[in-house]
Amino acid sequence: MSMARRSARLQVKEAVNTSNSPQNVTATQSLEHGEQDDEEQEERPRKRAKRISAESSGKKAKKKGIASKQLRRVRGKLGLLERLAKDAPMEVILEVFCHLEPRDLLRLARTSRELRNLLMSKTLENIWRAARQNVEDLPPCPHDLSEPQYAFLIYEPICHLCDRRVESVLWSFRMRCCQDCASDLSKFPQYDEEFFARLPQEFRSYDILPRDLILTSERWSWTGHNEITARYKAEYETLQTTEERKTWLNRKEKESQQSRNHRFLCAQWMCRRDIERARELDKLRQQRKEDILTRLNDIGWREEAEIIMKSQRLITWRKDSFAQHKSVNQPRKLTEYGWNIIKDELVTMLSNHKEKRLQTEI
C-alpha cells in the first residue's frame with residue numbers, strides 16, 4: 001500500500017520537472033493536498049455509527065403517520081361531508097345533498113373551491129330546492145332570487161353593506177341592513193311626498209315601489225330603496241307607448257303585491273323560528289341547572305342552593321341569584337371538564353350565602 005503511494009508521488013514529481021505550465025503545477029498541488037487529506041483521514045479514529053433498530057425506526061414512522069393524519073383530520077359533520085364530496089361518486093354526493101338543509105350547503109360551499117363551483121352551478125338548482133323543502137314551513141324562493149341567494153338571505157346574519165352582524169331582514173329589498181346603514185338617506189330615503197316628487201306621476205297611483213319598515217336611531221319608519229327606484233324609473237322611461245307603460249305598470253303592481261305577501265310569510269316563519277330557538281335554549285339552561293344541582297347534592301351543597309331559589313322565588317321583584325349565576329345560566333350541556341371549572345366558584349358562593357344566612361338567623 002505504501003509502495004503504491006510512493007510510486008504515485010514519484011510520478012507526480014517527474015511530471016512537474018518535465019512541464020513548467022501553471023496548469024500542471026495547479027493540478028499537482030491539488031493532488032498533493034488530496035493525498036495529505038487521505039493520510040490525515042486514515043490517522044483519525046472513526047466514530048461509531050449509531051445503531052438504529054428496525055423497531056425504533058418503525059415507531060418513528062408510525063408517529064409521523066399519526067401526526068400527519070391528525071393534522072388532516074376535520075371535526076364535525078361538515079368535515080365528513082367534505083371528505084365524502086371529494087371521494088364518493090357524484091350520484092352519492094347529490095343524493096346526500098338532497099337530505100341536507102340550505103345552511104349546510106352554504107357551509108359546504110365555503111370548504112373548497114371545487115365544492116363551491118359545484119354547488120353554485122345552475123345545474124344544481126334542484127338540489128338547493130330539495131334542501132329548502134327539508135326546512136319546515138319555509139316559504140318558497142321568490143322569483144327574483146336564486147336558491148343560493150335566498151339561503152344566504154335567510155341564514156347569514158350579515159349586513160349586506162358593512163358586513164356587521166344583524167338579525168333583521170328587509171324582505172322587500174331582499175337584503176339585511178344594520179341600523180347605522182339604514183340611517184343613510186342616500187340609500188334609504190323616507191317614503192313620503194318628497195320621495196314621490198321626483199318620480200313619474202303614475203308611480204303614485206300604481207303601488208309598484210317596494211318599501212319596508214326600518215328602525216333608525218329615532219323611530220320606525222317606512223323607507224324606499226333608491227337603487228331599486230332608479231332602476232324602475234329607467235325601465236319605465238324606455239317604454240314609448242302608453243299601452244306598453246300601462247302593461248308594465250300592471251305587471252309591476254302584481255309583482256309588488258306578491259312581494260308583500262312573501263314578506264309577510266317570511267316574517268312569520270322567522271318569528272316562529274326565533275321562538276322555537278328560544279325554547280330550545282331555555283331547555284338547555286334548565287337541564288344544565290338540574291345537572292349542577294345533582295352534582296352539588298353529591299358534595300353536600302344542594303340544600304343551600306334550593307334555599308336560595310325558594311327564598312328568592314317568594315319575592316317576585318328579586319331574581320334567583322343561583323339560577324341567574326353566570327356559571328349556571330348558560331344554554332350549554334354540563335360536562336365533567338366544565339363542572340371542574342365552575343365547582344369551586346359555586347361552592348364559594350353557596351358558602352358565603354350560608355354564612356350570612358346563619359348570622360341573620362342568630
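## Where α14 meets α16

Helix α14 (residues 242-298) and helix α16 (residues 336-361) have axes that come within 11 Å and cross at roughly 70°. That makes the pair roughly perpendicular, a label for angles of 65 to 115 degrees. Axes here are lines fitted to C-alpha atoms over the stretch in contact, with angles running from 0 to 180 degrees between N-to-C directions.

On the α14 side, the contact (heavy atoms within 4.5 Å) uses Arg288, Ile292, Arg295 and Leu296, and α16 brings Glu336, Trp339, Ile342, Leu346 and Leu350. Sorted by class, that's six nonpolar, no polar and three charged residues, with Asp, Glu, Lys and Arg counting as charged.

This is a predicted model, so local features need pLDDT of at least 70 and side-chain atom pairs 80 or more. Residues are numbered from 1 along each chain, and side-chain values use heavy atoms, leaving out hydrogens and water.

## A closer look at α16

With 26 residues, α16 reaches 36 Å from first C-alpha to last, close to the 38 Å expected at 1.5 Å a residue. There's also a kink of about 40° centred on Ile342, the bend being the angle between axes fitted to the seven residues ending there and the seven starting there.

Ile342 is buried too, along with Gly338, Trp339, Leu346 and Leu350 of α16; buried means under 20% relative accessible area with a 1.4 Å probe, protein chains only.

## The α6 and α8 pair

Helix α6 (residues 102-109) packs against helix α8 (residues 125-133) at about 135°, axes 8 Å apart, so the two are oblique. Pro102, Leu105 and Leu106 of α6 meet Ile127, Trp128, Ala131 and Arg132 of α8. This contact has six nonpolar, no polar and one charged residues.

Terms used: Helix = DSSP H or I, 4+ residues; strand = E, 2+ residues; numbered from the N terminus. Parallel < 35°, antiparallel > 145°, perpendicular 65-115°, else oblique. Expected span 1.5 Å × (residues − 1). Buried < 20%, exposed > 50% of the residue type's maximum accessible area, 1.4 Å probe, protein only.
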